[in-house]
Amino acid sequence: MRALPIALTLGLLFGGLAERGPIAHAQSVDVTTIKDELSPREFRAYGESSPKKLKSRIGELTFTKGGFAGGYPSLETIDTLKNELDFQKATQAYIWAVPIVSYARWLESHEELFGAKDGQIVRLTSPKAKQGILTANATTPYAVAFADLSRTGPLVFDIPKGLSAGVVNDI
């Protein structure tokens with residue numbers, strides 16, 4: 001399992017075609033105040049007078065005759081919004097993938113760097129030994145064991161009596 005291809009695949013899968021628009025503060029042009037309750041006639045009148053163009057951080061958004069309030073987005077605006085959604089999905093996929101990619105890299109270093117076998121506990125006490133851990137605490141000693149149950153079948157760990165803290169995860 002390789003961490004980098006996983007991250008790249010997720011990025012391409014969810015956001016390979018995403019485009020970033022210029023970063024600017026969201027502003028609207030010709031903004032009018034909307035009343036809480038409008039009659040159908042008042043709503044149509046407002047739609048006629050509502051802004052046809054809005055400036056946003058992703059660029060200018062344009063709308064049909066009814067404007068922002070009563071019209072429809074232009075084809076260019078639809079494309080811009082779809083690109084922004086793609087970008088946002090790719091960003092979320094990346095953020096949510098960081099823990100599993102980090103954990104996969106930890107497993108990989110456990111086997112390749114330390115030569116540990118399934119179920120074998122490795123103690124990580126020095127900062128150098130913890131370099132493969134994305135968010136390792138420099139002062140905390142780690143005792144870690146990974147196991148691929150497809151290779152080992154069921155496992156039983158005997159832990160000595162006394163205080164301990166830990167996690168069992170299925171990767």
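1. Is Glu-108 buried or exposed? In this predicted model, Glu-108 is buried, at a relative accessible area of 10%. Glu-108 also forms a salt bridge with Arg-105, with the closest N and O atoms 2.9 Å apart. The two residues are three apart in helix α4, so about one helical turn separates them. Arg-105 is partly exposed, with a relative accessible area of 35%.

2. Confidence should be read before the details. The chain has an average pLDDT of 76, and 76% of the residues score at least 70. The mean is highest in β3, at 92, and lowest in helix α1 (residues 3-15), at 40. Residues 1-31 have a pLDDT below 50, and this stretch makes 48 contacts in the model beyond near neighbours in sequence.

3. Five salt bridges are present in the structure. Glu-111, Asp-118, Asp-148 and Arg-151 are linked in a network of them. Arg-151 pairs with Glu-111, the closest N and O atoms being 2.8 Å apart. Because Arg-151 lies in helix α5 (residues 149-152) and Glu-111 in helix α4, this pair ties together parts 40 residues apart in sequence.

4. Arg-151 also meets Asp-118 in a salt bridge, at 2.8 Å from N to O. Asp-118 sits in the loop between α4 and β4, so this pair ties together parts that are 33 residues apart in sequence. Arg-151 is exposed at 51%, while Asp-118 is partly exposed at 24%.

5. Strands β2 (residues 53-56) and β3 (residues 59-62) run antiparallel and are joined by four bridges. They form a hairpin with two residues between them, and Leu-54 stands opposite Leu-61.

6. Glu-84 belongs to helix α4 (residues 75-112). Glu-84 counts as buried, at 10% relative accessibility, and touches Arg-57 and Ile-58.

Conventions: Residues numbered from 1 in each chain as written. Predicted model: local features only at pLDDT ≥ 70, side-chain atom pairs only at ≥ 80, totals over all residues. Heavy atoms only, no water. Pairing = 2+ DSSP bridges. Buried < 20%, exposed > 50% of the residue type's maximum accessible area, 1.4 Å probe, protein only. Contact = heavy atoms within 4.5 Å. pLDDT = per-residue confidence, 0-100. Salt bridge = Lys/Arg side-chain N within 4 Å of Asp/Glu carboxyl O. Lists of a residue's contacts leave out its neighbours within four places in sequence.
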